[in-house]
Amino acid sequence: MTILDMGLLLEHYTSTMPVYKVKVIEECRQLLQNHKVPLVGNVLPNEMLRYLQLNMVFDSDTAQRIRRGGKGVAAETNQLIITELLTRGQREFDVYCNGLIAMNLNLLADLLQQKHFSKNMHVLEPASKMLGHHWKRLAIELGVSRHVPKIEAKYVRIREQALYCLLLWEQTAGAQATGRRLIDAIEACDMKRTAAHVRKVVDPKSGKKKKKGKKSGKKKAKKK
């Protein structure tokens, strides 16, 4: 099914519904899009497909098509699951959230169910994976250390604690919650590898420029 076909299907699906239901479905779609990075990177796709089949969200043909399309790559398969869910309704969205809970991905389920939107999820989620237990040091640097007991009480997994910490910082800092500010805070904690990783996420071109500079240096050396 092409993107155009999916768009036409979704348009037909929503055109016969009351306005309030259309708005709910649109919000579900936006939430899936907003949290695509952590969903693609953390969900176990085969387990999720089995859960969605068991709860009659996908039939066997749809699940098999998604598995084939994903070619055994978790990220690709998760992308296809989300793409398919974008053509469905609120019930399917709710079942997907319950599937996240069944996998102990409680933070992601909470973010979707509580309708949380993040402007910096594409930066915060990759950064959280690099922090480990050091997220508490970063919390001090970002000025959200008072939330540490709350974070530890709410989530058990370290990655969830780290991401929740960054999301609370984004929420409290508002416009000041930028990629540059996060990098500065990480560097202040002397986490150079993590800072370099986040810098590449914030500005993917930064690493490429350095490589070009090295190549040009080699060429000059040859001419001499």
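Colleague: Which helix is S128 found in?

Modeller: First, a caveat: this is a predicted model, where local features need pLDDT of at least 70, side-chain atom pairs count only at pLDDT 80 or more, and totals for chains, interfaces and linings use all residues. Residues are numbered from 1 along each chain as its sequence is written, and side-chain values use heavy atoms, with hydrogens and water left out. Helices are DSSP runs (H or I, at least four residues; strands are E, at least two), numbered from the N terminus. On that count, S128 sits in helix α9.

Colleague: Is S128 buried or exposed?

Modeller: The scale is relative accessible area: buried is under 20%, exposed is over 50%, and partly exposed is in between (1.4 Å probe, protein chains only). S128 comes out at 3%, so S128 is buried.

Colleague: What is S128 in contact with, leaving aside its neighbours within four places in sequence?

Modeller: Contact here means heavy atoms within 4.5 Å. With those neighbours left aside, the partners of S128 are R159, A162, L163 and L166.

Colleague: At what angle do α9 and α12 pack?

Modeller: Axes are lines fitted to C-alpha atoms, for helices over the stretch in contact, and angles run from 0 to 180 degrees between N-to-C directions. Helix α9 covers residues 121-131 and helix α12 residues 158-173, with axes 8 Å apart and an angle of about 140°. Under 35 degrees is roughly parallel, over 145 roughly antiparallel, 65 to 115 roughly perpendicular and the rest oblique. That makes α9 oblique to α12, the packing angle being about 140°.

Colleague: And how many charged residues does the contact of α9 with α12 have?

Modeller: On the α9 side the residues are M121, L124, E125, A127, S128, K129 and L131, meeting R159, A162, L163, L166, L167, W169 and E170 in α12. For classes, Ala, Val, Leu, Ile, Met, Phe, Trp, Tyr, Cys and Pro are nonpolar, Asp, Glu, Lys and Arg are charged, and the others, Gly among them, are polar. The contact of α9 with α12 has 9 nonpolar residues and 1 polar, and the charged ones number 4.

Colleague: How are α7 and α8 oriented, roughly parallel or roughly antiparallel?

Modeller: Helix α7 (residues 90-102) and helix α8 (residues 106-113) have axes 7 Å apart, at an angle of about 155°. The two helices are therefore roughly antiparallel.

Colleague: How many nonpolar residues are in the contact of α7 with α8?

Modeller: F93, Y96, C97, N98, L100 and I101 of α7 make the contact with N106, L108, A109, L112 and Q113 of α8. Among these there are no charged residues and 3 polar ones, and the nonpolar count is 8.

Colleague: How many of the residues of α8 are buried?

Modeller: The buried residues are L107, L108, A109, D110, L111 and L112. Helix α8 is largely enclosed by the rest of the structure, because its buried residues number 6 of the 8.

Colleague: How many disulfides does a search of the whole structure find?

Modeller: A disulfide is a pair of cysteine sulfur atoms within 2.5 Å. A search of the whole structure turns up a count of 0.

Colleague: Then how far away is the cysteine sulfur nearest to C28?

Modeller: C28 is buried, at a relative accessible area of 9%. It is in no disulfide, and the nearest cysteine sulfur belongs to C97, at a distance of 7.6 Å.
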